[in-house]
There are 2 protein chains.
Amino acid sequence: MRVDLGNALETTPGLTTATLDRLDDRVAAAHERIAGGMADDEFGYAALTLPETADPDAIYAAVDGFDRPEAVLTVGIGGSALGAATLSNALESDVDAYVLDNVDPDDARALLADLPLGDTVVNVVSKSGTTAETLANFLVVREAMADAGVDWTERTLVTTGEEGNLRRLADRHDLPSLPVPDGVPGRFSALSTVGLAVAALQGHDVEAVLAGGRDGMESLAGSLYDSPAYAYGAATYALAQRGARTNAVMPYAESLETFAEWFAQLWAESLGKDGLGQTPARALGATDQHSQLQLYRAGPPDKLVSLIRPTERAEVGIPETDLDGLAYLGGSSLGGLLDAEFEATEASLAAAGVPNVRVEIDRVDERALGELLFGMEAACVLYGELASVSTFTQPAVEWGKKAARGLLGGGDFAEAEAVEQKRELRID
Amino acid sequence: MRVDLGNALETTPGLTTATLDRLDDRVAAAHERIAGGMADDEFGYAALTLPETADPDAIYAAVDGFDRPEAVLTVGIGGSALGAATLSNALESDVDAYVLDNVDPDDARALLADLPLGDTVVNVVSKSGTTAETLANFLVVREAMADAGVDWTERTLVTTGEEGNLRRLADRHDLPSLPVPDGVPGRFSALSTVGLAVAALQGHDVEAVLAGGRDGMESLAGSLYDSPAYAYGAATYALAQRGARTNAVMPYAESLETFAEWFAQLWAESLGKDGLGQTPARALGATDQHSQLQLYRAGPPDKLVSLIRPTERAEVGIPETDLDGLAYLGGSSLGGLLDAEFEATEASLAAAGVPNVRVEIDRVDERALGELLFGMEAACVLYGELASVSTFTQPAVEWGKKAARGLLGGGDFAEAEAVEQKRELRID
């Protein structure tokens, strides 16, 4: 992973090299804190040691009984789904991967009608074993399998904590299972069993993903100038302090579209607290040049755009043409066009004074993805240290969970009563 | 379409009924301006007359020669793709719909390898006939068809303006073609040939979509209290004025995920200018409760959340279970759970003082989608009037187009030189 901050200098908001030099002392102190947390396996910081502590053999062993299935279905939500989906959607495989991470009846019905249930592995993922959406979906999937004459106990992998419903279920039915590591919040679990089991089922090289993560670990250092991940974390923090309220993350690769979603969770849930935080906006290049770019360039100067690309792509030539005014395209390639648009967009933002940061990886493969995911996690942890927020918790989501549970008759909660008292101003 | 502003009252930022009452005089004046523009078929405003002026018979006639294909591929970008994709992804069909709206060689290669080219209709969409991405992709698709022994002239529909490359191509090869209406910017073209041809190819009821649009037209009135679309436009404008810089659009329906993308283009490209505008953030309920909600609830008070749902859903029961602590789910349904989460999230945001607006449609079908798309377009036009911006133009995207063209050798442009002079600050 390489980071280029050149286009965040002297923009609005913007950095100067003097800003970065001053910040670098704080980066050094934060790095010590982070390295200490990693060494002591502290809650959250432990996530940054996963490239060394995750056990690929355990993952391979757990999936070994499933002989190259036609499809894999992840039943999980949030951090229990996004890491796996990021890898699935980035890497090609002849094992199709699906995710049930919502409780939408129309979607669930359509998906279950299409899935080859007899040759699908269901990976149900919930650390606590009580996540309402995940368990509800799992019950529905299990019933669909029974209705289709499929023995669900032969087709289910369980990824969960040491205790709880799902652990007991796995024990009772002797299901293959994987542990969710301790001390790792869901959004930081991509490089653990949670993110890697599906990759293994799809035939991807899990060890290479972890090797990429270790590349990222090795590049952490006490100066932002020596560590691409910290450079990204420090620059986004400093820009946010100066008014970049939105971080538009714009990969120039369709295969990284889910990565932008994963990033959005990481950034929003880790840093959005105490009235602080930077709003992630998911974008996609070049497509969103025809959608969001007008706003980024000419709207309120409260944005940073993170442009991400692989430097190696497949070679697809654009055929020669006699269509008027398009001859310049002929003989070029789709990748050449996409890269020209990447650089043009960078320059176009810079010319309008909008800060943008370039993040490059060599290609979209297991190793580079491992490094990219690790790098963004480390950037996020650094940002959290600099902002002095509690990076690894998510207290604000509890209120709604209680309210929903109360509404469904799962107990008495004052939050559910607040729902009943909703203020109305209806226009029909 | 129904709008409920109750949870945007007395939040931070927030509205009062007095604010809305004062604003209503300006809504009346803006409505006169809009109605006048529609009556005179003025540029942009003409888009709001499409439910009456679009000709479903012409669309049916153009696609009539394609006997129920296995798949439809839209080759277009931005407004030339998103309207059609919104309808495709919302409505079920046994004709699969794909979109090539990027110039990613890896993605294009994978898609072309999977497509049944001999039974796919390619709809190439570009008003000018010169959009670089679209034409490059079209040339690649045409070559892939030739390589597969498919006569592309038998499988191509052209949707373009009255003149230009694509029009000439259609004439030369006698291809079925549809006109892009005059006076309608791409992002406002969902209810025209641009958005509806694919729907017709997929067997959807195009007349019902337009009837829904007419429902929306009829509900426009000189007061925000009488018009759901204007209520939404006025409230989002007033909230933006008071600090809601981000509008997180969160449909509680997987089938509306692309609608959120369509909305993001509409909002960003129409309103993001002169340093003004509101940043659309695409979210999805309930999934993003486990991702973005922490930030929305506890991050900077600079957001509005728009929660959208259909009130009718498929019935998928959650099976009874003896799993500890989950008995409350059994006997409920996925839809019941999703609706409880919708209402819990609304209340949870309100309890934290975060403004949120409820938008409801009866169900996800052709008619309701037509009304929803029209309603959001009208809301956007009203917002633009209230903010005094040039809603229907997108001047800020031109710079990058010239730069990219220059980089590819398509002419001499100063913008391309600026790209070469990029400032660097690399951290490797």
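I take helices (H or I, at least four residues) and strands (E, at least two) as DSSP runs, numbered from the N terminus. I am working on a predicted model, in which local features need pLDDT of at least 70, side-chain atom pairs count only at pLDDT 80 or more, and totals for chains, interfaces and linings use all residues. Residues are numbered from 1 along each chain as its sequence is written, chains are lettered from A and ligands numbered from 1 in the order in which they are written, and side-chain values use heavy atoms, with hydrogens and water left out.

I looked up cis peptide bonds. B:Thr12 and B:Pro13 are joined by one, with omega about -10°. I placed B:Pro13 in the loop between β1 and α1 (17-39) of chain B. In chain A, the peptide bond from A:Gly285 to A:Ala286 is cis, with omega near 0°. A:Ala286 sits in the loop between β8 (279-282) and α12 (293-298) of chain A.

I also noted A:Arg68, which is not a glycine but has a positive phi of about 30°. This residue belongs to the loop between α3 (56-63) and β2 (71-75) of chain A.

**Entry: annotated domain**

I checked the UniProt record, whose positions are given in the numbering used here, with feature names shortened; its annotations may be inferred rather than shown by experiment. The record, an unreviewed entry, puts "domain: SIS" at residues 62-219 of chain A. Over that stretch I read 43% helix and 16% strand, with the end C-alpha atoms 31 Å apart.

**Entry: the contact between the chains**

I counted contact as heavy atoms within 4.5 Å. Chain B contributes 134 residues and chain A 133 residues. The size of an interface is often given as the accessible area lost when the parts come together. For buried area I used the accessible area (1.4 Å probe) that two parts lose on being put together, summed over both. Chains B and A bury about 11,300 Å² between them, and 60% of this is on carbon and sulfur atoms. On the chain B side, B:His290, B:Gln294 and B:Ile427 lose the most area to chain A, together 7% of what that side buries.

Next I looked for salt bridges (a side-chain nitrogen of Lys or Arg within 4 Å of a carboxyl oxygen of Asp or Glu). There are 10 between chain B and chain A. One pairs the side chains of B:Arg423 and A:Glu10, at 3.4 Å from N to O.

For polar contacts I took pairs of N or O atoms within 3.5 Å; within protein, one must be able to donate a hydrogen and the other to accept it, and residues adjacent in sequence count only if both atoms are side-chain atoms. Between chain B and chain A, 51 residue pairs are in polar contact, both residues being at pLDDT 80 or more. Helix α13 (residues 334-351) of chain B gives the most to the side of chain B that touches chain A, with 13 residues. I sorted that side into 58 nonpolar, 37 polar and 39 charged residues. Here Ala, Val, Leu, Ile, Met, Phe, Trp, Tyr, Cys and Pro count as nonpolar, Asp, Glu, Lys and Arg as charged, and the others, Gly among them, as polar.

**Entry: sheets built from both chains**

I took two strands as paired if DSSP finds at least two bridges between them. One open sheet has six strands in the order β11(A)-β1(B)-β10(B)-β9(B)-β7(B)-β8(B), with mixed pairing. At its edges stand β11 of chain A and β8 (279-282) of chain B, each with a single partner strand, so one side of each is left without a neighbour in the sheet.

I followed the join between chains. Strand β11 (residues 426-427) of chain A runs antiparallel to strand β1 (residues 2-4) of chain B, with two bridges. A:Arg426 has B:Asp4 as its bridge partner in β1(B). Three bridges link β1(B), also antiparallel, to strand β10 (residues 356-361) of chain B, where B:Glu360 is the bridge partner of B:Arg2.

B:Arg2 touches residues of both chains, including A:Arg426, A:Ile427 and B:Thr311. Its side chain makes a polar contact with that of B:Asp362 (2.9 Å).

The other open sheet I looked up has the order β8(A)-β7(A)-β9(A)-β10(A)-β1(A)-β11(B), again six strands with mixed pairing. Within chain A, β7 (residues 246-251) and β9 (residues 303-310) pair in the parallel sense over six bridges.

**Entry: a salt bridge in chain A**

Over all chains the structure holds 48 salt bridges. In one of them, the closest N and O atoms of A:Arg2 and A:Asp362 are 2.9 Å apart. A:Arg2 lies in strand β1 (residues 2-4) and A:Asp362 in the loop between β10 (356-361) and α14 (366-387) of chain A, so the pair ties together parts 360 residues apart in sequence.

Conventions:
Lists of a residue's contacts leave out its neighbours within four places in sequence.
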